[in-house]
Amino acid sequence: MRVALLLLPLCAAGCVGTAVSVVKAPFQVAGKAVDLATTSQAEADRNYGRRMRQNEAREGKERREWADKCHGHPDRDGCDAYHGYVAADHR
């Protein structure tokens, strides 16, 4: 009987740890879901920077194509000034 009483705290400690884990699990899952569903400021800044680099690359490509078409031939149709895409803040 004494051995059983001595082992009881050891068994109870394991049960308490498991019970705490079971109780905490739904909150941890809910917190993870909220993290996945929201966009942090760092993520928003990174996405904005990526979008701006893509827009600037598009503008650069269109300007190079325009320059190649109009180089040495300013009298061609559409060669008076560049009227293509201009990268700007398109949030």
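User: Why does alanine 67 count as partly exposed?

Analyst: This is a predicted model, in which local features need pLDDT of at least 70, side-chain atom pairs count only at pLDDT 80 or more, and totals for chains, interfaces and linings use all residues. Residues are numbered from 1 along each chain as its sequence is written, and side-chain values use heavy atoms, with hydrogens and water left out. Buried means under 20% relative accessible area, exposed over 50%, and partly exposed in between (1.4 Å probe, protein chains only). Alanine 67 has 34% relative accessibility, so this residue counts as partly exposed.

User: What makes arginine 58 and glutamate 62 a salt bridge?

Analyst: A salt bridge requires a side-chain nitrogen of Lys or Arg within 4 Å of a carboxyl oxygen of Asp or Glu. The closest N and O atoms of arginine 58 and glutamate 62 are 3.3 Å apart, and the pair forms a salt bridge. Arginine 58 is partly exposed at 44% relative accessibility, and glutamate 62 is partly exposed at 24%.

User: How do you know that glutamate 59 is buried?

Analyst: The relative accessible area of glutamate 59 is 14%, and therefore this residue is buried. Glutamate 59 also forms a salt bridge with arginine 63, with the closest N and O atoms 2.9 Å apart.

User: Why are glutamate 59 and arginine 63 separated by about one helical turn?

Analyst: They are separated by about one helical turn because they lie 4 residues apart in helix α2. Helices are DSSP runs (H or I, at least four residues), numbered from the N terminus.

Note on methods
Helix = DSSP H or I, 4+ residues; strand = E, 2+ residues; numbered from the N terminus.
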